[in-house]
Amino acid sequence: MRHAVAEPRHDVPVGILEGRVTGLSGLSVSLSGLRDFTGVGDRVTIFGLDGRETGAEIVAFRDDTAIAMPYGSLEGIGSGCRAVFHLFDQTQRRRRAGGTLSINGSWQGRVVDPMGRPMDGKGPLPPDGTPQRLHAPPPDAALRARLGPRIDLGVRALNLFTTCREGQRLGLFAGSGVGKSTLLGMLARNTDCDVAVIALVGERGREVREFVEDDLGPEGLAKSVVVVATSDTSPLMRREAAYAAMAAAEYFRDQGKSVLMLMDSVTRFCQALREIGLSSGEPPATRGYPPSVFAELPRLLERAGPGPVGPNGKAGQITAMFSVLVEGDDHNEPIADAVRGILDGHVVLERRIAEAGRYPAINVLRSLSRTVPGCNSAEENILVQEARADLATWEEMQDMVRLGAYRSGNDPKVDKAVRVAPAIEDVLKQSRGENATIAESFDALRGVLSLHETS
Ligand SMILES: Nc1ncnc2c1ncn2[C@@H]1O[C@H](COP(=O)(O)OP(=O)(O)OP(=O)(O)O)[C@@H](O)[C@H]1O
Ligand SMILES: [Mg+2]
């Protein structure tokens, strides 16, 4: 016989656990009274002296004390303040750990913070939708679809030299001011995808507005979801921006859509993890980054890529571009190294090229996509190889040629590179408003190479 008791609702707390603030240091708060029922990743609410509520997350335990970090400011929180944890049915713990966001189709065209609150003054977002876990694990490797067909990125230099397939993940390595935001805006507008999800992590407030209004523009925004945590927000918020954007990308992927995920920047995400790790007592290991950063980074990046195959045999895809800041052209700093090892390719933006006025300032010789040449036709592969060879010869010889130390006629390979390289450079140039499909990109390159073949 069944008991005549209603099924427990998993979204309604079954009880409240109350703790107290016992200390504050740096960015973290010590809380007593929460043991036995709480774990790392649980969210608590702290009531400040003035009654103001601040959300916080448990990041560590020291003996019986929980160490929490606030999502907002610590102002007004003092020793003895109340901290409340909502106890849900423990069987739901795995589904709730790390928080959820109710995401739905109306997020497209909106700018939100990591908690899903609007930041664009366009009114509240309807709260209905499937709760998406912010810290979801990547899809099971055995159930994941293969990479999809070739994806049109709408940028000639990328379509030609780092051709990508749907579900591929690339790193974008660049110093400051060399054209990252402009390129990401072009990708959001031009890429042949259903939805673009853009995470802006740790940018200055002014840059966010410039990105949304100038780089993305109304046309790009219409098909995008932008998740923002600026540099003045707490490290937890900056970390959550990356996870919230990933959760949004997964929501659209699970509907079978082709999603483009752009993250600017994964370096700032790692810096947020560093601040969290250090204030919860982890030791700094590699250039100040605690070990947890290198454990957590692949967990985030692996979530992008092909989705699980659905019952209809199809799968959504998250094609992703993660920007990495390389200051002082140090391409070997630990985050750049770790990201390069995890992803399926990289695009390098170079200051030297930007200074010469060629935008986007992509060094195609140093950029690489691991799915090339498999995704191109034989003729396309030959064109790309030929262009790469010409550019490489030109790079090696240009100083000699400019100084007059090379005499034309000495080496036909160099003679051809001298003729062709500037024309290939012209193909790589692209203004921000221009869109170039894969076919148009190859036509342009084919035109240049065949012209110089006969001359
Ligand atoms: N495709 C392009 N065509 C013309 N100019 C460009 C192009 N891309 C970038 N630029 C120039 O480079 C400048 C810097 O670009 P952008 O703001 O995109 O760089 P960034 O790497 O995002 O900079 P930051 O590190 O400050 O965020 C722009 O103001 C613009 O003048
Ligand atoms: Mg920028």
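Two residues are in contact if their C-beta atoms, placed from the backbone, lie within 7 Å. By that rule, and leaving aside neighbours within four places in sequence, alanine 248 is in contact with Ile103, Trp107, Val197, Val225 and Val227.

The structure is a predicted model, in which local features need pLDDT of at least 70 and side-chain atom pairs count only at pLDDT 80 or more, while totals for chains, interfaces and linings use all residues. Residues are numbered from 1 along each chain as its sequence is written, and chains are lettered from A and ligands numbered from 1 in the order in which they are written.

**Core.** Ala248 also belongs to the largest nonpolar core, which has 122 residues; Ala245, Ala248 and Met261 have the most contacts inside it. Helix H5 (residues 235-253) supplies the largest share of this core, 13 residues. A nonpolar core is a set of buried Ala, Val, Leu, Ile, Met, Phe, Trp, Tyr and Cys residues joined through C-beta atoms within 7 Å. A residue is buried if 20 or more other C-beta atoms lie within 10 Å of its own, exposed if 12 or fewer, and partly exposed in between, with C-beta atoms placed from the backbone. Helices (H or I, at least four residues) and strands (E, at least two) are DSSP runs, numbered from the N terminus.

**Strand E17.** In strand E17 (residues 317-325), nine of nine residues are buried. Gln317, Thr319, Met321, Ser323 and Leu325 cover one side, and Ile318, Ala320, Phe322 and Val324 the other. Two strands pair if DSSP finds at least two bridges between them. The table lists pairings of E17.

| Strand | Sense with E17 | Bridges | A bridge pair |
|---|---|---|---|
| E12 (residues 169-174) | parallel | six | arginine 169 with alanine 320 |
| E15 (residues 258-264) | parallel | six | methionine 261 with alanine 320 |
| E16 (residues 305-306) | antiparallel | two | glycine 305 with isoleucine 318 |

**Domains and ligand.** An automatic or database domain assignment sets the domain bounds. For the protein chain it gives domain 1 (15-96), domain 2 (100-369) and domain 3 (378-451). The C-alpha centres of domain 1 and domain 3 lie 60 Å apart. Ligand 1 lies between domain 2 and domain 3, because both give residues to the shell around it.

A residue is near a molecule or strand if its C-beta atom, placed from the backbone, lies within 6 Å of it. Of the 14 residues around ligand 1, Ser176, Gly179, Ser181, Thr182 and Tyr359 come nearest. Helix H3 (residues 180-190) gives the most to this shell, with three residues.
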